[in-house]
Amino acid sequence: MNTAELKTILSDIIKENITDDAWVWLKAEIDKSNSFGINTAFGIMPRKTGKTVIKISSSQQELLNSVRPGFTVDSWTADKLCRVWLLIEYKEADKDKYFKILETLFSVAEMNEQVALYSALPLLPYPELWVKRCAEGIRSNIGTVLEAIMYNNPYPAENLNEAAWNQMILKAFFTEKQIEKIYGLDDRANEELARILIDYAKERYAAGREVNAMLWYLVKKFVSEEQLNNMKLGDYRFNKI
Amino acid sequence: MCCSHNIEDRNVPSEQPSDAFDIGTIKGMKFFDPHVHMTSRTTDDYQAMADAGIVALIEPSFWLGQPRTGVDSFKDYYSSLVGWERFRSSQFGIKHYCTIGLNSREANNEALAEQVMEMLPLFMYKDGVVGIGEIGFDDQTAAEEKYYRLQLELAKEAGLPVQIHTPHRDKKRGTQRSMDIAIEHGLNPNMVIVDHNNEETVKEVLDRGFWTAFTIYPFTKMGNQRMVEITKQYGAERIMVNSAADWGISDPLAVPKTAALMKLNGISDADIELVTYRNAITAFAQSGQINEADFITAIDQSTKFEGNSILRGGQQPRINKSSIIIS
């Protein structure tokens, strides 16, 4: 990821989507980069930037996608984008201090702030620092928070270990999310996940509930075509996994 | 209070008018409950509130029934008010706001209170925080006064309204002191909502220009028949009702029920709207944090469903409560 290029694209998009006054304020907050001030700045962001959905050109979208595949700001609101930008522009050279500042923000975050924080994961420095936090977010029951981690977010595929990744996929099925919006499904498909998903499908079948068709997509690599077709019909006897 | 009883009662000719709550009385009306502790309530309550026309509410920070012993318990509580509870409410199409503050009871643990005061600025600027509250007096101790004053200063600094809890014991004097101190700190009465009023306090609170809130809460606070009389006597200006429903025997439908009783007693629709909806919004919207367009009413839920991120986050499906079958 070319961070400098990414920051330029995002700042261009931001400038086009907020007032000059809000832009001046945001720049000043970043210049100050005050560890207490960031809490307030992060919190009051919607008051400064508004909450309208940003406009982004198709060329900007393409550029963003080439710099950070799997990531998009499409249909984000202005406050969300500016919050994310504040996090990545915040000037703190010390890794531990930066970590603490973000952990504080996470620990006191309201609903939309949580969404912004988790959406920022693929852009943050020190990706290894946020693995536990990401797994924690997957334990959330707030729909929008889960979507922030699951949809158009390359961080989980790139950083979660197999167990945490599998947990996220399973949770996505449980909470009826749009599985196809999860980045890295093919790369991270694994046999253990297929086994868990088959078990889950079996359970659904026994309960007389339907199975999301995307489940078979993640399973098919690890079973024969015959097994797959049998399972779709409710016959799990030949399942070898 | 069950609806089926209600139907039966109406079928049986009776000399006595039924006192069952007929939700039809207030059909189509919208309500705003500016004081209700949803943390202590169930999903059944949320559904009943939505069905009765409550479109938005305010959950003030309060005492959880037993004292907290560490600052992190406060932090998690405030976080839940702007996080989990806000989400839970949204699932029922009710817009959830809150007020943040150190309640009077726990202000008496001074060592802890100091730590809580340091933390409040982390929360009071958050989106959807519409005031500092509920703060004020309980036992009317020196510690309560100290943290009440400090929080009035915070409210002034942040430009937020103040939601004042008035004490159960020595109420009249406690209410007077609360107002005196707010004035002493330079707060405009228009930015202060004095809560839990009764027949003894209402006149002075209104005369001094404060917002005058009444809690309709069985046994210990106001009954809604008394509330009807107060509205008849004092009108609807700067008056609002709330349920303050919590972990005690209380009623999350207190606001719509009071509206229904007012309607049956000939109070005008315009006045009912002021007391059960508009005045609370006017008072707390001074925070800049209330936008009526954000309310998702039961009536236009279907039209707003598409593209609404909150509902996309998980609108709760309805279950048939009267069925023996749970699927």
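The following dialogue reads several features of a predicted model.

Student: What conventions apply to this predicted model?

Tutor: Residues are numbered from 1 along each chain as its sequence is written, while chains are lettered from A and ligands numbered from 1 in the order in which they are written. Because the model is predicted, local features need pLDDT of at least 70 and side-chain atom pairs count only at pLDDT 80 or more, whereas totals for chains, interfaces and linings use all residues.

Student: What is the mean pLDDT of chain A?

Tutor: pLDDT is the predictor's confidence in each residue, from 0 to 100. For chain A the mean is 94, and 98% of its residues reach 70 or more.

Student: How many residues of chain A are in contact with chain B?

Tutor: Two residues are in contact if their C-beta atoms, placed from the backbone, lie within 7 Å. Here 16 residues of chain A are in contact with 18 residues of chain B. The largest share of the chain A side, six residues, comes from α3(A), where helices (H or I, at least four residues) and strands (E, at least two) are DSSP runs, numbered from the N terminus.

Student: Which residues of α3(B) are buried, and why do they line one face of the helix?

Tutor: A residue is buried if 20 or more other C-beta atoms lie within 10 Å of its own, exposed if 12 or fewer, and partly exposed in between, with C-beta atoms placed from the backbone. In α3(B), the buried residues are Phe74(B), Tyr78(B), Ser79(B), Leu81(B) and Val82(B). Seen down the axis of α3(B), these buried residues fall within an arc of 160 degrees, so they line one face of the helix; the arc is that of the directions from the helix axis to the C-beta atoms.

Student: How many bridges join β4 of chain B to β5(B)?

Tutor: Two strands pair if DSSP finds at least two bridges between them. Four bridges join strand β4 (residues 129-136) of chain B to β5(B), and the two run parallel, with Ile135(B) opposite Ile164(B).

Student: Why does Pro189(B) count as partly exposed?

Tutor: Pro189(B), which lies in the loop between α7 (171-184) and β6 (192-194) of chain B, counts as partly exposed because it has 16 C-beta neighbours inside 10 Å. Leaving aside its neighbours within four places in sequence, Pro189(B) is in contact with Arg208(B), Gly209(B) and Phe210(B).
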